[in-house]
Amino acid sequence: MMTSFFKINKSRGLGFTLIELMIVVAIIGILAAIMFPSYNAYVIRGKRAEGRVILMDTASKMEKHYGDCFRFGTTIAAARDCAADQVNLCGAATCSSVTGKYTLSLDGTTTQYRLDATPAAPFEDPDCGVLALRSNGEKCIDMTTGTGTCSNDSAAAADLVNQCWGR
């Protein structure tokens, strides 16, 4: 009885049919199509966090400079100089984030400032663009034109800004 069982299975053959293989390839393709955009969004959010970190860190240094000099610095420098309104934000005249994804710029007067974190090439952030932080604590995005969308503009603007700053 055992010999007839083996003869039946031997005639069936081993391996996969072409249809089974094509079904597996189709399933992998569908999963890849769903997961690849999600992964890219996750990577951009991670890089955007680096921009937020550099802004929050430098805002803290600006407040310390204000406490020491009784005014905000207007120029990024390697060393602090209260008389010349120079503030030491990163130990150099130009600042960038830890991995170089963002460059920092300072725009302001001795009474107020705006810090901008601009994505450095080849990194691009099409949804948020340039992240900005003002001396009054207002968070802004898309500062490429100089006027962007800020959290205090409207409820819709606050929602848009929170999508970039919130996570």
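Guide: Gly51 touches Tyr102, Ala117 and Leu131, not counting residues up to four places away in sequence; contact means heavy atoms within 4.5 Å. This is a predicted model, where local features need pLDDT of at least 70, side-chain atom pairs count only at pLDDT 80 or more, and totals for chains, interfaces and linings use all residues. Residues are numbered from 1 along each chain as its sequence is written, and side-chain values use heavy atoms, with hydrogens and water left out.

Gly51 sits in helix α2. Helices (H or I, at least four residues) and strands (E, at least two) are DSSP runs, numbered from the N terminus. Gly51 is buried, at a relative accessible area of 0%. Buried means under 20% relative accessible area, exposed over 50%, and partly exposed in between, with a 1.4 Å probe and protein chains only. From Gly51 to Ala117 is 66 residues in sequence, but 5.9 Å in space, C-alpha to C-alpha.

Next comes Glu50, also in α2. Glu50 is buried yet has no salt bridge. That term requires a side-chain nitrogen of Lys or Arg within 4 Å of a carboxyl oxygen of Asp or Glu. The nearest side chain of opposite charge is Lys101, 6.2 Å away. For charge, Lys and Arg count as positive, Asp and Glu as negative; His and the chain ends are not counted. The Glu50 side chain does reach the backbone nitrogen of Val98, at 3.3 Å. Leaving aside neighbours within four places in sequence, Glu50 is in contact with Ser97, Val98, Thr99, Gly100, Lys101 and Tyr102.

Now the nonpolar core. The term covers buried Ala, Val, Leu, Ile, Met, Phe, Trp, Tyr and Cys residues joined through side-chain atoms within 4.5 Å. The largest one has 23 residues. Leu55, Met62, Leu89, Leu115, Leu131 and Trp165 have the most contacts inside it. Two or more residues each come from α2, β4 (102-108), β5 (113-119), β6 and α3. The largest share, four residues, comes from α2. Beyond four places in sequence, Met62 is in contact with Phe72, Gly73, Val87, Leu89, Leu106, Tyr113 and Leu115.

Finally, α3 (residues 155-165). Its buried residues are Ala157, Ala158, Val161, Cys164 and Trp165. They cover an arc of only 120 degrees around the axis, which puts them on the same side of α3. The arc is that of the directions from the helix axis to the C-beta atoms. On the other side, Ala155, Ala156, Asp159 and Gln163 are exposed. The cover over the buried residues of α3 includes α2 (18-69), β6 (131-134), β7 (139-141) and β8 (149-150).

Key
Polar contact = N/O pair within 3.5 Å; in protein donor to acceptor, adjacent residues only side chain to side chain.
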